[in-house]
Amino acid sequence: MLVQLARDIGLRVIASCGSEAKASLLRKMGAVHVINYKTDDMCAELRKAGPIDIYIDHVGGATLEAAIENAAMHARFVICGAVSTYNAPMSEAYGVKVRRWNVV
């Protein structure tokens, strides 16, 4: 739904998913770049496709970290969840560890 809403208001959409079937569907919905988080290097793919102006996050963890590293100056981040860490014990909680800030 987000892909369609963003496309309809004129945004260039970069999406991520975990299978080629889902990637195909996202492309049909209007995403211009789709990243398979299971097989692709998220940070490298975002570097190619970005920079990111608006990021809507449901995943958290390393995906959020990659988005922060590839954010444009004055980018906006909407944090809706962190599903990648929901079932992890607190001792394994993922804290964002941005190594560098890319200023675009």
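Three salt bridges turn up in a search of the whole structure. A salt bridge here is a side-chain nitrogen of Lys or Arg within 4 Å of a carboxyl oxygen of Asp or Glu. The model is predicted: local features need pLDDT of at least 70, side-chain atom pairs count only at pLDDT 80 or more, and totals for chains, interfaces and linings use all residues. Residues are numbered from 1 along each chain as its sequence is written, and side-chain values use heavy atoms, with hydrogens and water left out.

**Salt bridges**

- Side chains of opposite charge can pair when their charged atoms come close.
- Asp 8 bridges to Arg 7, with the closest N and O atoms 2.8 Å apart.
- Asp 8 is exposed at 55% relative accessibility, and Arg 7 is partly exposed at 36%. (Buried means under 20% relative accessible area, exposed over 50%, and partly exposed in between, with a 1.4 Å probe and protein chains only.)
- Glu 20 bridges to Arg 27, and the closest N and O atoms there are 3.1 Å apart.
- Arg 27 is partly exposed, at 42% relative accessible area.
- Glu 45 bridges to Lys 48, with 3.0 Å between the closest N and O atoms.
- Why are Glu 45 and Lys 48 separated by about one helical turn? They are three residues apart in helix H3, residues 42-49. (Helices, H or I with at least four residues, and strands, E with at least two, are DSSP runs numbered from the N terminus.)
- An α-helix has 3.6 residues a turn, so residues three or four places apart point the same way.
- Glu 45 is buried, with a relative accessible area of 14%, whereas Lys 48 is exposed, at 62%.

**Around Glu 20**

- Glu 20 is found in helix H2, residues 20-29.
- Its relative accessibility of 51% makes Glu 20 count as exposed.
- Leaving aside neighbours within four places in sequence, Glu 20 is in contact with Arg 27 and Asn 36. (Contact means heavy atoms within 4.5 Å.)
- Glu 20 and Ile 35 are 15 residues apart in sequence, and their C-alpha atoms are 9.5 Å apart in space.

**Nonpolar cores**

- The largest nonpolar core has ten residues: Ile 35, Met 42, Cys 43, Leu 46, Ile 52, Tyr 55, Leu 64, Ala 66, Ala 67 and Ile 68. (Such a core is a set of buried Ala, Val, Leu, Ile, Met, Phe, Trp, Tyr and Cys residues joined through side-chain atoms within 4.5 Å.)
- H3, strand S3 (52-57) and helix H4 (61-69) are the elements that give two or more residues to this core.
- H4 gives the most, with four residues.
- Another core lies apart from this one; it has nine residues, among them Val 3, Val 13, Leu 26 and Ala 31.
- Not counting residues up to four places away in sequence, Ile 52 touches Leu 46, Ala 67, Asn 70, Ala 71, Ala 72 and Ala 75.

**Helix H4**

- Eight of the nine residues of H4 are buried, so the helix is largely enclosed by the rest of the structure.
- The buried residues of H4 are Gly 61, Thr 63, Leu 64, Glu 65, Ala 66, Ala 67, Ile 68 and Glu 69.
- H3, S3 and S4 are included in what covers them.

**Strands S3 and S4**

- S3 and S4 run parallel and are joined by five bridges. (Two strands pair if DSSP finds at least two bridges between them.)
- Ile 52 has Ala 71 as its bridge partner in S4.
- The chain crosses from S3 through H4 to S4, and this β-α-β crossover is right-handed. (Right-handed means that, with the strands pointing away from the viewer, the path from the first strand over the helix to the second runs clockwise.)
- In a regular strand the side chains alternate between the two faces of the sheet.

**Aromatic pair**

- A search of the whole structure finds one aromatic pair.
- The rings of Tyr 55 and Phe 77 have centres 5.2 Å apart and planes at 45 degrees, so the pair is tilted. (Rings of Phe, Tyr and Trp, its six-membered ring, pair if their centres lie within 6.5 Å; planes under 30 degrees apart count as stacked, over 60 as edge-to-face and the rest as tilted.)
- Tyr 55 lies in S3 and Phe 77 in S4 (residues 71-79), so the pair ties together parts that are 22 residues apart in sequence.
- Tyr 55 is buried, at 13% relative accessible area, while Phe 77 is partly exposed, at 29%.
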